[in-house]
Amino acid sequence: MGSSAETLEFQAETRQLLRLVIHSIYSNKDIFLRELISNASDALDKLRLESLTDPGLAGTDAADLRICLEIDKEARTLTVRDNGIGMTRDDLVELIGTIAKSGTAGLLEKVKESKDAAAAENLIGQFGVGFYSAFMVADKVTLRTRRAGTDSGTQWESDGESTYDIQAVDGLPVGTSVTLHLKPADSEDGLADYLSEAKIRQIVKQYSDFIRWPIVMATERTDDEGGTVRDHDTLNSMKALWARPRSEVTEEEYHEFYQQISHDWLPPAETIHMRAEGTFEYEALLFIPSQAPFDLFSRDTRSGVQLYVKRVFIMDDCEALMPDYLRFVKGVVDAHDLSLNVSREILQHDRQIRGVRRRLVKKVLGALKDMQSKDAERYAKVWDQFGRALKEGLIEDADNTEALLGLVSVASTHDPEKTTTLREYVERMKDGQDTIYYLTGETRATVENSPHMEAFAAKGYEVLILTDPVDEVWVDRVPAFDGHRLQSIAKGQVDLGESADADEETGAEEKARREQDFAALLSWLTTTLSEQVKEVRLSSRLTTSAACIVGDAHDVTPTLEKMYRAMGQQMPQVKRILELNPTHPLVTALRTAHDKGADDPALAETAELIYGSALLAEGGDLPDPARFTRLLTDRLARTL
């Protein structure tokens, strides 16, 4: 027996806030069960902790602690019951007071001003709603509780509208039960059939599978003889591997968990298990896959890191925990000090979450660096799958540029099969060389056969071969590696010096003489090709080709120009520089012909053909392919 019920009114602001929670805020009403199970788990944790210090609770057996879910289809009720610490009447009043105190006029006004449910949910996420989310799915909620170590219990009941009843009740077991008098299922309103065992199992599996306490549901099934068999099923696995010491987890368990969260049946290339303690506690279990997903570079690809709070699932693809260039990393981060109702917007601006993100990134990059130094073959496979994404970090993540540069592994002229790191390139540099040379292009063959390569190949200089589209961008963002400047061999002036047995003074005189001999031709060509190029000059990078096209040191490359235009960005035309090989027979013959008569129309056509040939040699697109073809076939016909 207990005392008569006392009816109390919610504060006016709290009533309005409850209406928002019930009718407007959450698009996914399934979270009510996540909230109630989380509260029950906290109550079990508190009882276990207090039993260690309170002699009156010393007999508590942790093996008996559990959360029970009970479905009564006839009464249309769902009950969440725990045998945890329980609450006194004062505790219940404080629970009611929490939301009342949160419902200040200023906060409520912000919620009202929100234009849509998502914005309102972000605001609601700034304070606890927890228990009150039950009113989204129930017409009435009855809570019965008894605090461990006390004799009397308390009942709280409300329809979530304007009042609640509270009274003392005798004969209750220790713990808390929350009974929801469920609303009818309504698919249009997002109300599922929460009397369905299958639906309850699905929600528990999604949100509460790793709760440390067993979540048990009473079930009924028909046996072979047509009789009814009542049983109790444990719905959650309770296997939160990240909460266990690494020494206690087997590789098989790691692989099984990885498959569960990633749906990837190949074992991961690397497992990262970490725990942070201090002002902000969290555990993380991250995996670097062996193979890239098919949608790694799709616009809709999401982060692979899940966020949990005290083993309760909060969200998939938590972008706040991992930068976009590490979107292939899979795993779980379990934060101890966040609210269950934390929103994506809050996470993006949370100082502690930003700190967690920094540490996770350094941990992942550090694991890749260790793999690179200890298992080069395995690292080569990982880089082959995810290198293109990692290079995006050189554009996005200035804080980790050095670490990312250390991971870069690209093709080079040093070896036709194996890639090289920047560190290995520097170790092989020639005496006196202080620049890291590279060339971008669509394929390795295009780059290797480029005229820009000729002098470098002749003099034995190694050149990095960069063929990923992202390479066009990051090389301009990264000024140097280990003090050595990165330079495109297709940009600016290139001075590789004369051969070792040549006299320096003689070489300078020869260069000056050539400049003088070709001055008239270069000036005429610059004028003749003014629509296509901004300058024609002699080249020091060609040995066998007649001409090549280069850009100024800070010009946008043609490939990058195409990429920007494909993204809808307007780009001004960038005129480049035509360089001529002064020792090539075609160039010397053109100079001789020009000296005899610059007015000959055939000279202008030859100039066009030289420019077009240079453009084709670097893989470029002719501005007028039909005209180029006509000029070439006419010239060939005259030679026969």
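**Exercise 1. Determine how helix H18 and helix H19 are oriented relative to each other in this predicted model.**

Solution. Begin with the axes: those of H18 (residues 585-596) and H19 (residues 601-617) come within 11 Å and cross at roughly 155°. Next, apply the cut-off, by which angles over 145 degrees count as roughly antiparallel. The two helices H18 and H19 are therefore roughly antiparallel to each other. The crossing in which H18 passes H19 is left-handed. Finally, identify the residues that make the contact: H18 contributes Leu586, Leu590, Ala593 and His594, while H19 contributes Leu603, Thr606 and Ile610.

**Exercise 2. State which strands stand at the edges of the open sheet of five strands, and why one side of each is left without a neighbour in the sheet.**

Solution. First, write down the order of the strands, which is S10-S11-S14-S12-S13, with mixed pairing. Then look at the two ends of this order: strand S10 (270-276) and strand S13 (312-315) stand at the edges. Each of these has a single partner strand, so one side of each lacks a neighbour in the sheet. On average, neighbouring strands of this sheet are turned by 20° against each other, direction ignored.

Now consider one pair inside the order. Strand S12 (residues 304-309) and strand S14 (residues 330-335) run parallel and are joined by six bridges. Within this part of the sheet, Val309 stands opposite Ala335 in S14.

**Exercise 3. Describe the open sheet formed by six strands and name its edge strands.**

Solution. The order is S16-S15-S18-S17-S20-S19, and the pairing is mixed. Strand S16 (415-421) and strand S19 (480-481) stand at the edges, and each has a single partner strand, so one side of each is without a neighbour in the sheet. An example of pairing is given by strand S15 (residues 409-412) and strand S18 (residues 464-466), which run antiparallel and are joined by two bridges. In this region Ala411 stands opposite Ile465 in S18.

**Exercise 4. Decide whether Thr145 is buried or exposed, and list its contacts.**

Solution. Locate the residue first: Thr145 belongs to strand S4 (residues 138-146). Its relative accessible area is 1%. Since buried means under 20% relative accessible area, Thr145 is buried. Two polar partners can then be noted. The side chain of Thr145 makes a polar contact with the side chain of Thr176 at 2.9 Å, and a polar atom of the Thr145 side chain lies 3.2 Å from the backbone oxygen of Gly175. Leaving aside residues up to four places away in sequence, Thr145 touches Gly86, Met87, Leu92, Gly153, Thr154, Leu172, Gly175 and Thr176.

**Exercise 5. Repeat the analysis for Thr435: is this residue buried or exposed?**

Solution. Thr435 is located in strand S17 (residues 435-440). Its relative accessibility is 4%, so Thr435 counts as buried. The side chain of Thr435 makes a polar contact of 3.1 Å with the side chain of Asp434. With residues up to four places away in sequence not counted, Thr435 touches Tyr425, Met429, Arg485 and Gln487.

**Exercise 6. Examine the phi values of His263 and Lys310, and state where each residue is found.**

Solution. His263 has a positive phi, near 60°. This residue is found in the loop between helix H7 (251-262) and S10. With a relative accessible area of 64%, His263 is exposed. Lys310 also is not a glycine, and its phi is positive at about 50°. Lys310 is found in the loop between S12 and S13, and at 46% relative accessibility it counts as partly exposed.

**Exercise 7. State how many helices and strands the chain has, and what share of its residues is buried.**

Solution. The chain has 20 helices and 23 strands. Of its 640 residues, 48% are buried. Among contacts between residues at least 6 apart in sequence, 71% join residues at least 24 apart.

Key. Residues numbered from 1 in each chain as written. Predicted model: local features only at pLDDT ≥ 70, side-chain atom pairs only at ≥ 80, totals over all residues. Heavy atoms only, no water. Helix = DSSP H or I, 4+ residues; strand = E, 2+ residues; numbered from the N terminus. Buried < 20%, exposed > 50% of the residue type's maximum accessible area, 1.4 Å probe, protein only. Polar contact = N/O pair within 3.5 Å; in protein donor to acceptor, adjacent residues only side chain to side chain. Contact = heavy atoms within 4.5 Å. Pairing = 2+ DSSP bridges. Axes fitted to C-alpha atoms, helices over the stretch in contact; angles between N-to-C directions. Parallel < 35°, antiparallel > 145°, perpendicular 65-115°, else oblique. Left-handed = near helix turned anticlockwise from the far one by under 90°.
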